[in-house]
Amino acid sequence: MALYKNTGNPARRISRNAAIGVLLLIFALATLFPIYFMVISSFGDPVEAGAMNYTLWPGKFTLDSYKFFFNYSKYSFRWLLNSLVVAGSVMVFNVVFASMAGFAFSKLRFRGRNVLFAVLLCAMMIPYQVTQVPLYILVVNTFDMENTYGALILPGIVTVYNIFLAKQFMSSIPSEILESAKIDGCNQFQIYTKLILPLSKTVLAVMAILTFMESWNTFFWPLLVTNSMEMQTIQVGLKNFRFANTTYFGPMMAGATIAALPMFILFFSLQRYFLEGVTVGAVKG
Amino acid sequence: MNQLPITVKKRKNRGDGAWGYAFIAVALVVYALFTAYPVASAFIISFQKYKPLGSTFIGWENYAETFQDSLFWKSLRNTVVYTVLTVPVGLLISFSIAILILPLKKFLQTTFKAIYYLPAVASGVTLSVVWLWIYDPLPAGILNQVVHFFGGSNQNWLGASATAMFSLVLMSWLSSHGTAIIIYLAALLGIDDSYYEAADLDGATFLQKIWHIVIPCLKPTTLFLFVTGIIGSFQVFQNAFLMTGGGPDNATTMVGLLIFNNAFKYFEFGEAAAQSLILAVIIAGISLIQFKFLGKDVEY
């Protein structure tokens, strides 16, 4: 990169690169420390915090803290299952409905298209707090859906952000391909399934992963619409565990690790999509 | 396309129409039910004393009460302090890191990007649980040990008014810059080399290149991150809710948390709705100002 001069003498260049490396490494360590601390501590004994010293080196390896966490409630595995069901459904619904809407908004001509899209975009400006109370009243009082998967899933089945993402990407698909498919006798639904979906695979994968992650990590909505332990998600369960066991350090870390572990696994196996996903919405095409 | 007879075009339009509406039907229903209706409902509730059976209309009272409520102003001030400390400083950190990553080899770039992004993958609840222990007020607490190492004295991080807000800010600095770094880096890689070459010919120094080339070229990126950062920061309340509960003495109560408490702790739905709409107006206002002053020569 030409921002940095590479013509200087080698000794200076090496010391410069070393300085950069050290700076980045220090910051990386500070960033990773909480996660490292969490994982290391989760393998410690499930004793109360007063009786222990924090250690930064894995002195011993035991899964007792994990056992302690899972023994806290008979629903602790159910929390993980609930999170999986909710995040999985939200992900599938978003990919299907956002890609359909994105296709319509980018490639189909119909009356009111631009107005409707602009109206949708306005939603991104509205703070979460505005819709929170009426949404709660609607779902819990009007629909009477408290403690159901429906309450956890339905409000999130298609987000405006995902529609926007799909539309942005699909706009770049050449319309000529679609026209020729139409001449060959495809209807719009066939064009959507046979052309648009395969061509949008990457962006839909990014969308699926980010949606799954967000849904898995979401906390407030599940907190609001569930009041029985068996319908809670892992995030709400972890919060309950924390308030019930304020001094049990190891088990708390084990719970935190359990809540984050699926995302870490997903991140390390699909890293490319995660990192791509960050820029896909931000850098305009 | 231009030569096509007008009648054919018309028929095609009509054909698309039904398909178009069919394809956006679900999105529109979801939007109407879970966004548009709640927003409209929030307006109505904000003028009511809400009761599950038969709310009463009380005019502007909820708004008037909010503006007279010293806690509202305190929470607004807290929100502004938090935003100023996290967004501009956070962007400066992200920008500097992205500049430092830039000369590295591709493999190292990706590695650092992944490391810095990792905390964003963990949930807010997970991070808050971990940071709660880092901020353990006992001398054995991790951060207190660090402070001792540098000769400082024991702090009650989250429990004292003086340090509670700073503790939330520090946590934000160390766990939420990954996204901005990646976006900045992508933008940095998009700057044309010829600018730097021209600057080299003029004998520009590294800092001059940063100031005269990099910063102007990245202005749209900065604006984007700034606006989205501030919009996000004004709504923040999860960390405060989970780590301090807004305390001590409401030192970390932000507007988002105040609204949440009014709604789901005291069940004052009317006041919560009024405050949320005030928040919406503030956020919209700030965004407009930013676009006006910062976005002058930015094209969209």
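What percentage of the contacts in chain B with a separation of 6 or more is accounted for by residues 24 or more positions apart? In this predicted model the share is 67%, where two residues are in contact if their C-beta atoms, placed from the backbone, lie within 7 Å. Because the model is predicted, local features need pLDDT of at least 70 and side-chain atom pairs count only at pLDDT 80 or more, whereas totals for chains, interfaces and linings use all residues. Residues are numbered from 1 along each chain as its sequence is written, and chains are lettered from A and ligands numbered from 1 in the order in which they are written.

Chain B contains 14 helices and 2 strands, these being DSSP runs numbered from the N terminus (helices H or I, at least four residues; strands E, at least two). The C-alpha trace of chain B spans about 85 × 70 × 35 Å along its principal axes. Of the 300 residues in chain B, 38% are buried, a residue being buried if 20 or more other C-beta atoms lie within 10 Å of its own, exposed if 12 or fewer, and partly exposed in between, with C-beta atoms placed from the backbone. In helix H5 (residues 124-134) of chain B, 11 of the 11 residues are buried, among them Trp131(B) and Trp133(B).

The unreviewed UniProt entry annotates residues 21-45, 80-102, 114-134, 164-189, 210-234 and 272-291 of chain B as "transmembrane region"; UniProt positions are given in the numbering used here, feature names are shortened, and annotations may be inferred rather than shown by experiment. In the model, residues 21-45 of chain B are 100% helix and 0% strand, with end C-alpha atoms 32 Å apart, while residues 210-234 of chain B are 96% helix and 0% strand, with end C-alpha atoms 30 Å apart.

The contact between the chains takes 75 residues from chain B and 72 residues from chain A. On the side of chain B that touches chain A, helix H1 (residues 6-46) of chain B gives the most, with 19 residues. That side of chain B divides into 57 nonpolar, 13 polar and 5 charged residues, where Ala, Val, Leu, Ile, Met, Phe, Trp, Tyr, Cys and Pro count as nonpolar, Asp, Glu, Lys and Arg as charged, and the others, Gly among them, as polar. Val39(B), found in helix H1 of chain B, is in contact with Ile126(A), Val130(A) and Thr131(A), leaving aside its neighbours within four places in sequence. Val39(B) counts as partly exposed because it has 18 C-beta neighbours inside 10 Å.

Chain A is divided into domain 1 (10-67) and domain 2 (75-244), with bounds that come from an automatic or database domain assignment. The C-alpha centres of these two domains of chain A lie 36 Å apart. Helix H10 (residues 201-217) of chain A is largely enclosed by the rest of the structure, because 12 of its 17 residues are buried, including Phe212(A) and Trp216(A).

Asp144(A) lies in the loop between helix H5 (128-142) and helix H6 (149-153) of chain A and is exposed, with 9 other C-beta atoms within 10 Å. Asn250(B) is found in the loop between helix H12 (238-244) and helix H13 (255-264) of chain B and counts as partly exposed, with 19 C-beta neighbours inside 10 Å.
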